[in-house]
Amino acid sequence: MNGESERYPLSAFRLEGRPLSCLPYGSGHINETYLAVTDTGRQYILQKINSQVFRDVPALMANIEAVTAHLRKSERDPRRVLTLVPTLEGGSFHREGEGYWRVYDFVTGSLSLDQAESAADFAESASAFGHFQRLLQDFPAARLHETIPNFHDTPKRCLALREAIEKDVMGRAAGAKEEIDFALARESGAGELTEALRKGELPLRVTHNDTKLNNVLFDAKTRKALCVIDLDTVMPGLCANDFGDSIRFGASTAAEDERDLDRVSMSLDLYRAYSEAFLAACAGGLSDREVSSLPVGARMMTYECGVRFLTDYLSGDTYFRIHREGHNLDRCRTQFKLVRDMEEKWSEMRL
Ligand code: ADP
Ligand code: GN1
Ligand code: MG
């Protein structure tokens, strides 16, 4: 195999054929992902799970086993649910020192999108996430481990930002004054959804919590959504956050790390296409209060993600993988530009 077989523990898994190649794949910010191909032509996704981010990998993998088994009860087509490839011992992951690895069947003939190329693509992803949400409505939430505690607790994310500003370990705070001011000016509203949950106005559901467009696989030929992937953060959460994170990423007119902010806005056309398809796929399963919380989720997830990028920039880029100097600050700026745009378009976003 391309001279590096020892780097990748593919031989620990029950693959069909002998690995011929194993190359970096996709554009996720957290795990290391590779596409492996064997001499029989079979394709696999090999991932090194980020164990700095996910502190209890056995618990995370138990979640994924349980969730995929649950989804498989309702889906006959194997391309519609992620399939883990077992290790030689029959486990769902392989540990090598501090490294944790897993393998999925590659969903054949699929692609993922880093930006919506049309409203139809985006609506397809909405149907996939809405359907996913619906299929998990009867999943026993108590069986799920919380893989990242307080993941979408926006007020806590603000506190982490404050701490990063105070420590300023990289000496970057002075150069990010505008972004820091933007974040802190909105901190008092950061608890809108967490408060509604605490008061019982919004229900806790089993949600995906990382509903970026590139976490849905499309059929490369038909452009129909096939499969929701990246199940590491499936945990009890708010429907508004799943809706919101999709809008944050997919309704933007530019990439998450676009440097030219004039190109960044929230497309109301994409927003409407997503909302309509998402609500249709949830098939009346949401309360009126939940439906009206969806736009808040869009604003909140975008704000929260900007806060997280900014915190990571100030802390020395230890969480999100970066590919250039200032990458996390660029990402933060697109998010805050989108928040501002949503604030301006607020009356048109209401559902
Ligand atoms: P991360 O947590 O780092 O975002 P993902 O699980 O989302 O990792 O995987 C990264 C990318 O790899 C996805 O966006 C997708 O393009 C591709 N991918 C992941 N799993 C599969 C799969 N089973 N079949 C095909 N492509 C996949
Ligand atoms: C990360 O893993 P990936 O790239 O799909 C992050 C999300 C952020 C997103 C921003 C576990 O998603 O929460 O919204 O980057 N995932 C985790 O692009 O932190
Ligand atoms: Mg991903």
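Colleague: Which residues do ring pairs link into a cluster here?

Modeller: Keeping in mind that this is a predicted model, the ring pairs link Phe 122, Phe 243, Tyr 271, Tyr 274 and Phe 278 into a cluster.

Colleague: And how many aromatic pairs does the structure hold?

Modeller: There are 14 aromatic pairs in the structure, and one of them is formed by Phe 122 and Tyr 274, whose rings are 4.8 Å apart from centre to centre, with 45 degrees between the planes, which makes the pair tilted.

Colleague: Where do Phe 122 and Tyr 274 lie?

Modeller: Phe 122 belongs to helix H2, which covers residues 119-135, while Tyr 274 belongs to helix H7, residues 268-282, so this pair ties together parts that are 152 residues apart in sequence.

Colleague: Are those two buried or exposed?

Modeller: Both Phe 122 and Tyr 274 are buried, and for Tyr 274 the relative accessibility is 0%, which is why Tyr 274 counts as buried when the cut-off is under 20%.

Colleague: What about Phe 243 and Tyr 274, how are their rings arranged?

Modeller: The ring centres of Phe 243 and Tyr 274 are 5.7 Å apart and the planes meet at 70 degrees, so this pair is edge-to-face, because planes over 60 degrees apart are put in that class. Phe 243 sits in helix H6 (residues 239-250) and Tyr 274 in helix H7, so the pair links distant parts of the chain, 31 residues apart. Phe 243 has a relative accessible area of 0% and is buried.

Colleague: Switching to charges, which ring does the charged end of Arg 186 sit over?

Modeller: The charged end of Arg 186 sits over the ring of Phe 182, at 3.6 Å from the ring centre. A further case is Arg 299, whose charged end sits over the ring of Trp 346, 4.3 Å from its centre.

Colleague: OK, now the metal. Which residues coordinate the magnesium ion?

Modeller: The magnesium ion, which is ligand 3, is coordinated at 2.2 Å by Asn 215 through OD1 and by Asp 230 through OD. Asn 215 lies in the loop between strand S7 (205-207) and strand S8 (216-219), and Asp 230 in the loop between strand S9 (225-228) and strand S10 (235-237), so the pair ties together parts that are 15 residues apart in sequence.

Colleague: Is Asn 215 buried or exposed?

Modeller: Asn 215 counts as buried at 5% relative accessibility, whereas Asp 230 has a relative accessible area of 26% and is partly exposed.

Colleague: How many salt bridges does the count come to?

Modeller: The count comes to 25 salt bridges, including the one between Arg 223 and Glu 117, where the closest N and O atoms are 2.8 Å apart. Arg 223 is in the loop between S8 and S9, and Glu 117 is in the loop between strand S6 (110-111) and H2, so the two tie together parts that are 106 residues apart in sequence. Arg 223 counts as partly exposed at 26% relative accessibility, while Glu 117 counts as exposed at 58%.

Colleague: What about Arg 248 and Asp 245, where do they lie?

Modeller: Both lie in helix H6, three residues apart, which is about one turn of the helix, and their side chains meet in a salt bridge of 2.6 Å, N to O. Arg 248 and Asp 245 are both buried.

Colleague: Last one: which residues are linked in a network of salt bridges?

Modeller: Glu 16, Arg 42 and Asp 105 are linked in such a network.

Key: Residues are numbered from 1 along each chain as its sequence is written. Chains are lettered from A and ligands numbered from 1 in the order in which they are written. This is a predicted model: local features need pLDDT of at least 70, side-chain atom pairs count only at pLDDT 80 or more; totals for chains, interfaces and linings use all residues. Side-chain values use heavy atoms; hydrogens and water are left out. Rings of Phe, Tyr and Trp (its six-membered ring) pair if their centres lie within 6.5 Å; planes under 30 degrees apart count as stacked, over 60 as edge-to-face and the rest as tilted. Helices (H or I, at least four residues) and strands (E, at least two) are DSSP runs, numbered from the N terminus. Buried means under 20% relative accessible area, exposed over 50%, partly exposed in between (1.4 Å probe, protein chains only). A charge sits over a ring if NZ of Lys or CZ of Arg is within 6 Å of the ring centre and within 35 degrees of the ring normal. Donors are N, O and S atoms within 2.8 Å of the metal (3.2 Å for Na, K and Ca); water is not among the atoms, so sites may look incomplete. A salt bridge is a side-chain nitrogen of Lys or Arg within 4 Å of a carboxyl oxygen of Asp or Glu.
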